[in-house]
Amino acid sequence: MKRKIALIPGDGIGPEIVKEAKKVLDKVCEVYGHEFVYEELLLGGASIDAHGVPLTQETIEKAKSSDAVLMGSIGGDAKTSSWYQLEPSKRPEAGLLGIRKALNLFANLRPAYLYEELKAACPLKEEVIGDGFDLIIVRELTGGLYFGERRTTEENGIRTAVDTLSYNEEEIRRIAIQAFEIAKKRRKKVTSVDKANVLDSSRLWRSVVEEVAADYPDIILEHMLVDNCAMQLVHNPGQFDVILTENMFGDILSDEASMVTGSIGMLSSASLNETGFGLYEPSHGSAPDIAGKGIANPIATILSAAMLLRFSLDLDKEADAVEKAVAEVLKEGFRTPDIFSDGMKKAGTEEMGTLIAEKIR
Ligand code: NAD
Ligand code: IPM
Ligand code: MN
């Protein structure tokens, strides 16, 4: 099968981890007889350096004409990088939000599960971990605070900044449907997370989610306030199956969920539009503190590539092979520094990628 994959290496550790994910995809092609044609696109800081803007029409068009997009991460250190001297709408993150909006990637799926082998890297106590956990965060990605009107003004020497959080029922309905459809294929439970005790947008969220739930009588729906959810994730993560939430809450909760899997370097993500077209990227950032050191964990990106195979290319067997290869390498004891514990074997970014690629069969 011949397919076109757009690659966005991005900034910081982005190029290092995308290189390893590509290595794994190349091995998939070799073993399963596919041909993937890659095209590298610029986004974020890399695009600013080349074109003066974090996102070009060319990147949007080329991403659109591919079968799927695999991305590293964008952004730099806000204190030291010149990108952050630019006005906010010209900074790397604006490019990421721009491409999400341009491709209408409203459904962000972030699965978090605990590998048996990574129990030692999980910061929770054994009795809290219990039998482990396997949850997926379904995060709305093109609305809410990220895309509301914002401004900073100054009057009588007093500065005021305003960000607006708005959702319409269509935006809520389509992401809720995604969550229920996913729950149907899992353990049939949706926890919708909001702040309905304070926010109007959350009260609308709750009532639209209830309306959608009426079409899914086999799925258990519970509502949870976001502050409680943040606590429950470290108190009893095993209670969750599908967590459905809005953009900002999903951003914060997914970093928290990643850490209970052992490391932020483990959490993959898929951002999909209504046709199933997707951009796949790790949930973590460009980690400027470790960029260029060869120690970043490439697993989140490799697992994102597995999601790309499954969701955008319909290659389930191949996706299974990638996920199995990751589990086998962990079972053999190889660990990048972020998930390292006593008695394990230290591996760098490249070695981890090679070990995983070698296990594809
Ligand atoms: P970050 O996720 O980049 O890093 C947080 C911490 O986690 C750092 O200590 C880092 O070293 C570590 N870490 C992250 N990924 C890792 C990996 N694969 N292996 C090992 N350790 C890893 O978050 P931050 O420092 O808050 O943000 C840095 C930059 O990344 C910012 O410019 C931010 O805007 C951007 N960012 C981009 C994305 C994205 O492209 N999707 C996501 C989050 C943050
Ligand atoms: C993420 C990131 C982005 C977000 C930033 C870089 C804009 O944190 O993908 O989780 O907040 O969505
Ligand atoms: Mn984030």
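Sorted by class, the shell around ligand 1 has 9 nonpolar, 8 polar and 4 charged residues. That makes up the 21 residues surrounding ligand 1, and the closest of them are Ser-73, Gly-75, Gly-265, His-284 and Gly-285. Keep in mind that this is a predicted model.

Ligand 2 has its own set of residues around it: Gly-75, Glu-93, Leu-96, Leu-97, Asp-251 and Ser-283. Helix H4 (residues 92-102) gives the largest share of that shell, 3 residues. Here are the two shells by class:

Skipping anything up to four places away in sequence, Arg-100 touches Leu-105, Leu-141, Thr-142 and Ser-271.

Arg-100 turns up in the UniProt record too: the unreviewed entry's "binding site" annotation covers Arg-100, Arg-110, Arg-139 and Asp-227. These positions span 128 residues of sequence and are spread in space as well, up to 26.7 Å between C-alpha atoms. Asp-227 is in helix H8 (residues 226-235), and with 12 other C-beta atoms within 10 Å it is exposed.

Now for the core. The largest nonpolar core has 98 residues, and Leu-70, Ala-305 and Val-322 have the most contacts inside it. Helix H10 (residues 299-311) supplies the largest share, 9 residues. Domain 1 (1-111 + 265-361) and domain 2 (123-260) both contribute residues, so this core lies between them. Beyond its neighbours within four places in sequence, Leu-70 has contacts including Ile-5, Val-18, Tyr-280 and Ala-305.

Conventions
Residues numbered from 1 in each chain as written. Chains lettered and ligands numbered in written order. Predicted model: local features only at pLDDT ≥ 70, side-chain atom pairs only at ≥ 80, totals over all residues. Near = placed C-beta within 6 Å. Helix = DSSP H or I, 4+ residues; strand = E, 2+ residues; numbered from the N terminus. Nonpolar A, V, L, I, M, F, W, Y, C, P; charged D, E, K, R; others polar. Core = buried A, V, L, I, M, F, W, Y, C linked by C-beta atoms within 7 Å. Buried ≥ 20, exposed ≤ 12 C-beta atoms within 10 Å, placed from the backbone. Domains from an automatic or database assignment. Contact = placed C-beta atoms within 7 Å. UniProt positions renumbered as here; feature names shortened; annotations may be inferred.
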